[in-house]
Amino acid sequence: MSTLDPFTSTKDDIAAALESSGYELVHGSLEQLPEPYYLIHGPSTLSGIPLTSGTLVVEGDLTVTGPIDFHQTGRPIVNLIVTGNCTLGLAYVDAFLCVGKNLTVGTLIADSNWSGGVFVGGDLVGHTLVSKDIGVEVDGRQHVEIVADCDDLDAARVAVPALFEGDGEDPHPRELFIALRDSSDPLVPAHPAKTPAAKAAASVAKKPVARKPAAKKAATKKPAAKKAATKKPAAKKAATKKPAAKKAATKKPAAKKAATKKPAAKKAAAKKPAKSKRR
């Protein structure tokens with residue numbers, strides 16, 4: 001987008017839009033919002049925001065697919081107010097950025113050369129956050145993978161070494177933004193809403209992972225299968241009936257006992273001589 005002229009508005013229209021959205025200004029009063037005024041009824045998707053001064057209010061949700069450069073060279077400073085959710089890729093903010101709900105961003109560089117601040121009514125979700133001499137206030141949760149707060153230079157140097165390129169001593173947020181804007185540096189995800197931090201916030205997400213122990217508990221039923229396998233010894237016990245068959249086989253000696261009656265037959269045959277004697 002090359003111009004915001006189609007969205008030119010008035011302070012009264014801005015006031016009505018804020019009231020209908022239930023959004024209350026957190027960084028100043030309506031009278032303090034600078035001209036010119038622009039109003040967009042969302043949800044809206046823009047390729048960029050060519051705004052160097054004045055106030056842009058988006059009633060609803062806003063997505064910006066290209067870089068945002070709110071670099072101030074004079075006053076009045078930029079005020080971007082989004083009453084709903086806001087999704088950005090790469091943004092340099094030397095201005096007031098106010099979001100009523102959640103702010104999802106690839107890389108946000110908040111650098112106050114004049115005045116400004118970042119105010120988020122919901123969650124701040126992003127890949128990289130660099131801040132220097134500017135306040136970042138988040139009412140909800142902050143899920144940002146890389147944070148470089150220049151109030152702690154040592155920690156910021158470890159988090160984002162490129163922030164200190166040049167003399168190696170002082171942070172250079174503006175130079176970092178220009179380098180990222182003109183490159184495909186991994187600090188700027190093409191789809192910020194798909195970063196791990198964004199997923200964590202959107203699903204609230206890591207809580208469902210707690211269900212895994214339940215799956216492990218179900219897996220403990222396998223020992224029960226092993227217990228069922230222990231019935232095989234019972235089969236062996238049944239096999240022990242074979243000795244009973246052997247016991248039955250011991251009746252053969254009884255047959256031999258019956259065979260011992262044969263001598264009785266011989267005894268009967270012994271009477272024949274007595275008969276022939278009478279003759």
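Reader: Why is Asp69 called partly exposed?
Author: Asp69 has a relative accessibility of 27%. Buried means under 20% relative accessible area and exposed over 50%, with partly exposed in between (1.4 Å probe, protein chains only), so Asp69 at 27% counts as partly exposed. A word on the source: this is a predicted model, in which local features need pLDDT of at least 70, side-chain atom pairs count only at pLDDT 80 or more, and totals for chains, interfaces and linings use all residues. Residues are numbered from 1 along each chain as its sequence is written, and side-chain values use heavy atoms, with hydrogens and water left out.

Reader: What makes Arg174 and Asp69 a salt bridge?
Author: Their side chains meet at 2.6 Å, N to O. A salt bridge needs a side-chain nitrogen of Lys or Arg within 4 Å of a carboxyl oxygen of Asp or Glu, so the 2.6 Å of Arg174 and Asp69 qualifies. Arg174 lies in helix α3 and Asp69 in strand β6 (residues 68-70), so this pair ties together parts that are 105 residues apart in sequence. Helices (H or I, at least four residues) and strands (E, at least two) are DSSP runs, numbered from the N terminus.

Reader: Is Arg174 buried or exposed?
Author: Arg174 counts as buried, because its relative accessibility is 17%.

Reader: What else does Arg157 meet?
Author: Asp154 and Arg157 meet in a salt bridge at 3.4 Å, N to O. Both lie in helix α2 (residues 153-159), three residues apart, about one turn of the helix. Asp154 is exposed at 57%, and Arg157 is partly exposed at 27%.

Reader: Why is the pair of Tyr92 and Phe177 called tilted?
Author: The search of the whole structure finds one aromatic pair. In Tyr92 and Phe177 the ring centres are 5.5 Å apart and the planes stand at 40°, so the pair is tilted. Rings of Phe, Tyr and Trp (its six-membered ring) pair if their centres lie within 6.5 Å; planes under 30 degrees apart count as stacked, over 60 as edge-to-face and the rest as tilted. Tyr92 sits in strand β8 (residues 86-93) and Phe177 in helix α3 (residues 173-181), 85 residues apart. Tyr92 is buried at 0% relative accessible area, and Phe177 is buried at 0% too.

Reader: What makes β2 and β4 a pair of strands?
Author: Two strands pair if DSSP finds at least two bridges between them. β2 and β4 have five bridges, in the parallel sense, with His41 opposite Glu59 in β4. Strand β1 (residues 8-9) also pairs with β2, in the antiparallel sense over two bridges.
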